[in-house]
Amino acid sequence: MIIRCLLLSLCPMFTLLGCDRPSPSETPEEVVADTASGPWETAVSADEGFFVRWRLLVPDIPLADPFDIEVEVWTDESMNEPATFDQLFVDAGMPHHRHGMNVVPEIESLSPGRWIARGMLLHMPGRWQFYVDVLDDGRIERAQWSTWLSG
Amino acid sequence: MLKTLTSTLLIPVVCLCFSAAARAMVPQERSESADQSPPVPALGEFDREKNGIMFGTRAMLLPGGAGTAVLRTDRSILLIEPLSDEDAPSEREISGTFTAACILPGGMLAAFDDVSQEIRIWNPALEGPALREVSRIRFDRTLDEPLVDVVDMAPFQGGYLLVERGAHRVRALDAEGVERFRFGRKGGDDGAFQFPGAISVDDQDRIYVVDTDNHRIQRFTADGDFDTAWGRRGAFPGLLTSPTGIDVVGDRIYVSEALNHRVSVFDLDGRYLYQWGMHAMIPRQGEGRIHYPASIDVDENAMRAVVAEPFERRIQYFKRFSGGLDEARAAQMPSKQDIRSHFGPFISGEDDLLVMGEPETGSLAVFDVAGETGVNITVFTNHGSGWDDLGRLGALHLDGPEQMVYVSDLVNDRLSCWRLQRERDVTIRYDPFMARLTSAVDLSVTRDKLASLDPDRTWVIPRIVALDRAQVDGAPLLAADAANQVVFALNERLDPISVGVSTREPFEFVVDGPRVVLVERSGEASMFRPLAVDGSDLGEGTELGGILMVSNGIPGGAALLGDDCFLSSMEGDRIEVIEGAAAAFQRRLALSNQTDESDVQNGSEANELASLHPSPERTWGVTGEYDGEFHAPAGLCRIGGDRIVVVDRGNHRAQIFSPDGTWLSTFSLSSGYTTPKPRKEEP
């Protein structure tokens with residue numbers, strides 16, 4: 001009952017965020033997790049070979065503490081068809097400091113096209129870039145976005 | 001009672017303390033007396049240097065101070081003797097196609113001839129104007145594949161060990177040239193190599209291999225089984241960066257490191273002991289400062305060592321420190337400082353952009369060259385194995401209009417593509433976020449795709465050493481593959497789409513508009529072969545398919561501009577201009593477009609152009625460090641405004657010239673100027 005109430009209260013929020021198309025496999029329990037998640041964001045890969053929708057599974061990125069990211073990979077921005085490929089990599093780096101993270105996140109597949117990168121850790125404040133690399137048939141293609149982490 | 005008890009207890013305690021203090025003093029006295037014992041011997045004190053040794057890649061001490069044998073990149077061997085006579089050392093030379101050499105236990109000189117697949121042996125002790133050859137051992141290849149890319153060798157149990165760098169393995173031959181065993185494969189795990197560079201054997205016949213691009217030393221048993229390994233990339237004492245040479249003498253292992261500019265010394269289990277050498281602080285500085293060492297050789301008594309520095313065209317001799325190991329450790333020089341840019345040989349430019357390789361950091365530096373000099377606008381990639389890292393740069397191509405950079409990585413077996421997010425009409429500024437990796441391909445998958453394109457060949461993982469594309473719409477990216485000895489074309493997804501000409505030692509492409517020329521190395525000469533835009537032969541089966549021209553020496557780089565071909569001469573410290581070379585290419589291209597092939601074959605013009613052996617008509621530049629001067633100029637390319645950029649590698653900078661050789665500017669990562677620096681007054 002509580003879960004249903006929460007679900008109903010969250011539906012308008014999804015619409016406001018422009019993400020009125022929850023993933024087909026999304027379960028009520030996972031939606032509950034939205035109360036502690038960041039908004040969905042999108043990115044297109046460099047050669048426009050796939051479309052990425054992602055969100056933090058925490059309200060804000062913590063400094064020097066682990067956090068998780070949920071990533072969806074679609075064939076295009078219509079988000080009708082999950083992309084199929086061999087492997088997904090999620091990473092982050094600070095090009096101006098010429099380093100990346102000190103940890104390697106664990107990538108877990110939830111369902112076709114849906115992944116969670118567990119154990120991301122940004123160890124210092126500043127501008128970070130996130131990378132989603134999709135490997136298929138020996139070729140990776142990258143989608144990326146930036147965020148600012150305050151100290 | 002209590003007092004009695006206290007004094008009874010205290011006295012022994014005080015006595016114990018006193019005796020402990022007394023004992024503590026005894027070792028001190030012993031220590032002082034121990035200092036009078038002979039110091040632990042340690043090599044590394046600068047003795048002397050010999051300059052003018054052109055491109056010696058391996059220097060070896062002959063027993064008894066009889067001299068030094070130097071293997072050179074032109075595949076000859078120079079014998080300098082005697083070691084002690086500085087004023088008039090005599091020199092003898094053995095010409096051939098040698099790629100590896102070593103000193104045998106009896107003092108004989110052995111060398112591997114790459115073309116004849118023979119090990120030839122000379123006795124340097126025999127006098128005469130020429131060295132006397134005493135025997136030859138032909139590699140028995142009736143049952144196996146030939147030895148390829150042999151870069152070092154060592155005597156082993158009456159036979160030989162040979163390092164095949166490109167094949168990432170070691171082969172052991174017996175005294176008759178029959179293979180006994182082999183070990184190694186490409187990779188980073190135990191027993192695998194990334195371009196092994198040198199080999200040595202200890203008194204127990206354990207085999208030590210310099211695993212250059214894994215930045216470590218690996219030890220194997222006398223049967224070739226993996227034993228242990230140590231080292232990882234870094235500059236701190238005990239770490240290794242691009243080790244190039246090794247010698248095991250007694251209980252010490254001496255390792256030369258190209259990119260740390262030093263020699264590191266370990267015990268037989270890989271425990272770090274000390275180091276010597278340091279990057280020069282002023283150009284050409286020697287006297288113990290080492291620059292890109294290529295080899296280390298220590299005599300049988302560990303009394304002397306010789307280090308080859310091909311880049312500096314010299315060899316340096318080192319002797320024992322009189323104060324032994326303590327003095328050696330105290331004399332250690334700090335790591336290199338304040339040298340921000342080194343500039344490797346790779347350069348690619350077009351219009352207002354330029355990209356260059358930085359081998360020390362495994363990064364690529366991009367410059368805006370719209371103005372009079374180069375301004376660094378971003379640096380990207382790091383040394384490493386991640387998708388956006390770089391193991392070792394094999395080739396570089398900048399697609400100017402699209403602002404795309406293509407990078408071949410020889411260690412990670414990868415070809416990657418980066419986009420420079422840069423607006424051309426805004427003020428120039430440094431932007432560390434400018435370069436974005438768009439895609440990268442695993443070349444083992446490329447190998448499989450090539451095999452499906454041409455199933456008749458046996459394909460290995462490509463080793464791409466040149467990348468470029470003709471400047472016409474729709475022209476594919478061309479890759480010169482040294483491992484499969486072929487040129488192939490790639491589409492925008494970096495998938496191979498066609499297989500072009502075969503090539504033995506590709507070096508680079510030179511492109512100007514629709515004109516594509518493949519530069520190949522052949523011993524001391526370079527061959528220039530015109531290609532179609534897809535990398536296929538121009539006029540296959542006709543005279544047109546031949547060599548366009550042959551140039552003496554190996555250029556550091558080449559570029560076509562107008563009718564002329566510009567070559568950088570690493571040996572001569574100058575730029576050579578072959579006038580009319582491009583025009584000859586243009587005529588060749590026109591002929592190849594004729595529809596009637598018989599006309600082409602019979603045409604006198606075609607025969608006239610079949611092989612052009614031009615000599616440079618113009619040159620500019622001299623050896624030096626001032627503006628307009630060079631030391632070992634490497635990569636060369638053309639940029640907008642009909643200008644030529646030259647990587648002046650020995651001076652850690654780049655220079656821009658007009659086609660007539662007028663100096664325009666000098667720049668590095670941190671500076672750029674258009675007014676030549678004044679010359680210092682000669683004392």
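What follows is a chat about the contact between the chains, then some strands and salt bridges.

Q: Before we start, what kind of model is it, and how are things numbered?
A: It's a predicted model, where local features need pLDDT of at least 70, side-chain atom pairs count only at pLDDT 80 or more, and totals for chains, interfaces and linings use all residues. Residues are numbered from 1 along each chain as its sequence is written, chains are lettered from A and ligands numbered from 1 in the order in which they are written, and side-chain values use heavy atoms, with hydrogens and water left out.

Q: OK, how many residues does each chain put into the contact?
A: Chain B gives 21 residues and chain A gives 19 residues, with contact meaning heavy atoms within 4.5 Å.

Q: And how much area do they bury?
A: About 1,800 Å² between chain B and chain A, with 47% of it on carbon and sulfur atoms. Buried area here is the accessible area (1.4 Å probe) that two parts lose on being put together, summed over both.

Q: How many salt bridges are there between chain B and chain A?
A: Three. The rule asks for a side-chain nitrogen of Lys or Arg within 4 Å of a carboxyl oxygen of Asp or Glu. One of them is Asp137(A) with Lys449(B), where the closest N and O atoms are 3.0 Å apart.

Q: What about polar contacts across that interface?
A: Nine residue pairs, both residues at pLDDT 80 or more. A polar contact is a pair of N or O atoms within 3.5 Å; within protein, one must be able to donate a hydrogen and the other to accept it, and residues adjacent in sequence count only if both atoms are side-chain atoms.

Q: Which elements of chain B touch chain A?
A: Those giving two or more residues are β28 (375-380), β32 (435-442) and α3 (443-453) of chain B. β32(B) gives the most, with seven residues. Helices (H or I, at least four residues) and strands (E, at least two) are DSSP runs, numbered from the N terminus.

Q: Which strand of chain A does β32(B) pair with?
A: β9 (residues 139-149) of chain A, in the antiparallel sense over three bridges; two strands pair if DSSP finds at least two bridges between them. Arg139(A) stands opposite Val441(B) there.

Q: Switching to chain B on its own. What's the strand order in the sheet with β2?
A: β2-β3-β4-β5, an open sheet with antiparallel pairing. β2 (56-62) and β5 (90-94) are at the edges with a single partner strand each, so one side of each has no neighbour in the sheet.

Q: How do β4(B) and β5(B) line up?
A: Five bridges join β4 (residues 77-81) to β5(B), antiparallel. Leu78(B) has Glu93(B) as its bridge partner.

Q: Back to salt bridges. How many over all chains?
A: The structure holds 60. Among them is Arg75(B) with Asp114(B), the closest N and O atoms being 3.8 Å apart. That pair links distant parts of the chain, 39 residues apart: Arg75(B) is in the loop between β3 (67-72) and β4, and Asp114(B) in the loop between β7 (109-113) and β8 (118-123).

Q: Last one: what does the hairpin of β6(A) and β7(A) look like?
A: β6 (residues 106-111) and β7 (residues 114-120) of chain A pair antiparallel over five bridges, with Glu108(A) partnered by Ile116(A). Two residues lie between the strands, and Gly113(A) takes a positive phi near 85°.
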